[in-house]
Each structure stands twice: as structure tokens, then as C-alpha cells.
Amino acid sequence: MREQVIDLHMHTTASDGTCSPSELVARVRQSGIHTFAVADHDTVEAVRETTELAGREGLTCIPAVEITAVYEGKDVHVLGYFVDSDSPTLRRFLDAGRADRLRRARAMSDRLAELGVPIDMDALLEAAGGPNSGKAIARPVVARALVAAGHVQHVQEAFDRYLADGGPAYVARIGASPADVVGIIGEAGGVASLAHPGPLRKDALIEALAAEGLTALECFHSEHDEAATGKYLEIARGLGLAVTGGSDFHGPGTRRSESFGKVGLPQQYFDDFVARARTTPATAR
Ligand code: AMP
Ligand code: MN
Ligand code: MN
Ligand code: MN
């Protein structure tokens, strides 16, 4: 029998994924994943539809979000699981995050024009559906506009030449601190996990956040090799944190998409994480 996978990190068209909820659920089923979470950047727009579609297929979808915090001038991604998508506090917070993303997309578009590689911002904004659509504009969306305009061959070239951290068209996000984000997730009835600590390269932050109510660490991720996974499992154990994991799938043919259906969270860690999420009192988060 094919191995059953638990994958708690993937994206849809509500942020920078290329799959709609229905396309994603079809791929989840085909890939042998039975439990998954849509963790879009700064939006819970796709959670309800994906959960409904998953239920019809006998799959379990856990409500989630990947919130961008800012720390020492760098983006820190904090995953929120079991959040109440209707929480007014969370909604207000995410609305502000997406508004800043819109400001930043415009600023990046201006920079690209100055660099002689303009993108069709009107088409991008139309596809994003306006400020009330619930869709978050993330850098891969801008990268795809550069491909569509014929300035680069593929998304990775757009990052390498213009959009990567510190690149000529990179514009930083303005946002809350990681500790504040952990607090907001708790207020929305959820538990927080620090996303992909490997590429983040801010290990000192893990202990600081553990003291601020962080519940888990994303030890299993497509950008973690065996050594990195082992290192973060050790750190999680030492700090008494639960463990999460997922592929960070953004759609077929996107970066790291070959990890889909392979990289995931072993059942024993999932069971422990769910037990911890159930017993963490909202006041202690
Ligand atoms: P944003 O939240 O708008 O800053 O976009 C972050 C997203 O861009 C990540 O979740 C990845 O999907 C993608 N990304 C970030 N850095 C790179 C890179 N160097 N190459 C390719 N994709 C990247
Ligand atoms: Mn992304
Ligand atoms: Mn991330
Ligand atoms: Mn992600």
C-alpha cells in the first residue's frame, strides 16, 4: 500500500500558489496525502472552500495561515493552525497585512519600471481581485508578471535577477513582530509554529518565541535536509515545542514541487501536535 502522508503546509491561488482549492484537493488525493493544511500567506480566504471539498473526498483539512512577521529587517513566517477564520481580531490583522502587500507590490512594480522591465500592474491587480478579495499579493505573483511580460524566462530567474531578498526590485514588508503574531494566533483560538527555521537562519529567535507562547517548530520542510531536520527536532525537544511539517507546495512545476506527497509530518508528531493544540489554554498562548 502507498504510504499515507500528512502535509501541513501548502498554498492556493488565494496567495502565491497556482492551484485553486479544487485543483489542490485533487492533487492532494492523487499524491496519497490524507491530512493537510492550506497555509496561505496572510489570508484564510481559501480555508472554507478547501475544507468543504476535502471533506467530500474523505480527506482532512486543518485551518491554517502563514503570517509574515518582521524581525530585524527580515521576514519571519509564523504558521497558525486551528485558527478561527471568522475571528474579527485575526481578520482585521490579516486585512492590514494584505494592504501592506498591495503597497509593496506597487513599490516593486515602480522599481521594475525604473530598471527597464515594467510589468502589467493593472492585469496583476485585476487577477488579485481588488482590495476586498481576500487575496494576498506575494512576490511569486510579481515574478509571474515578469515572465508574462517576457523580461525573464521563468520565475526563478525573476527572483535571481530582481526580487530575491536584497535584490534590485526587492521592497521590504512592514509588519508586526513575531511575538505579536504568535499572540494574534492565540487570540484567534489557534496555535503557532515557526515556519522553515532552516532557510530563516535565526535560531536564537526560536527560544525567544518559545517564551512568548510558540507551540511548535516546523522541523520537516522541503528545504530541510536530514541534518537540518535532525537539528531542529533536537531544538524543539530541548525547548519543549511540538513539531509540524509540510512540503510548502505552491503548485505543479513550482520550486520544490517534487517534495509534494513525499515531505510531511510523521504520524507520531502529528498526534502530539494535535494533543498539544487541544490542551493549550487560549490564555497561555
Ligand atoms: P513574499 O511573502 O511576498 O515576500 O513572498 C515570499 C514567497 O516568495 C515565498 O513564500 C516563496 O514562495 C517565494 N520566494 C522567496 N524567495 C525566493 C527565492 N529566492 N526564489 C524563489 N522563490 C522565492
Ligand atoms: Mn510562498
Ligand atoms: Mn514561508
Ligand atoms: Mn509557505
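Twelve residues need naming first: ligand 1 is surrounded by Asp-16, His-41, Asp-75, Arg-101, Arg-104, Ala-138, Arg-139, Pro-140, Gln-156, Phe-159, His-250 and Arg-255. The model is predicted.

**Make-up of the shell**
- By class, the residues around ligand 1 split into 6 charged, 3 polar and 3 nonpolar.
- Arg-101, Arg-104, Arg-139 and Arg-255 are among the surrounding residues.
- Asp-16 and Asp-75 also belong to this group.

- The side chain of His-41 has an N or O atom 3.0 Å from an oxygen atom of ligand 1.
- For the side chain of His-250, the corresponding distance to an oxygen atom of ligand 1 is 3.1 Å.
- For the side chain of Asp-16, an N or O atom lies 3.3 Å from an oxygen atom of ligand 1.

**Burial**
- On its own, ligand 1 exposes 500 Å².
- The protein buries 86% of that area.

**Elements and domains**
- Helix H3 (88-114), helix H5 (139-148) and helix H6 (155-163) each give two or more residues to the shell around ligand 1.
- Domain 1 (5-84 + 182-284) supplies at least three shell residues.
- Domain 2 (95-163) likewise supplies at least three.

Note on methods:
Residues numbered from 1 in each chain as written. Chains lettered and ligands numbered in written order. Predicted model: local features only at pLDDT ≥ 70, side-chain atom pairs only at ≥ 80, totals over all residues. Heavy atoms only, no water. Near = heavy atom within 4 Å. Polar contact = N/O pair within 3.5 Å; in protein donor to acceptor, adjacent residues only side chain to side chain. Areas by Shrake-Rupley, 256 points an atom, 1.4 Å probe, with all protein chains shown as cover. Helix = DSSP H or I, 4+ residues; strand = E, 2+ residues; numbered from the N terminus. Nonpolar A, V, L, I, M, F, W, Y, C, P; charged D, E, K, R; others polar. Domains from an automatic or database assignment.
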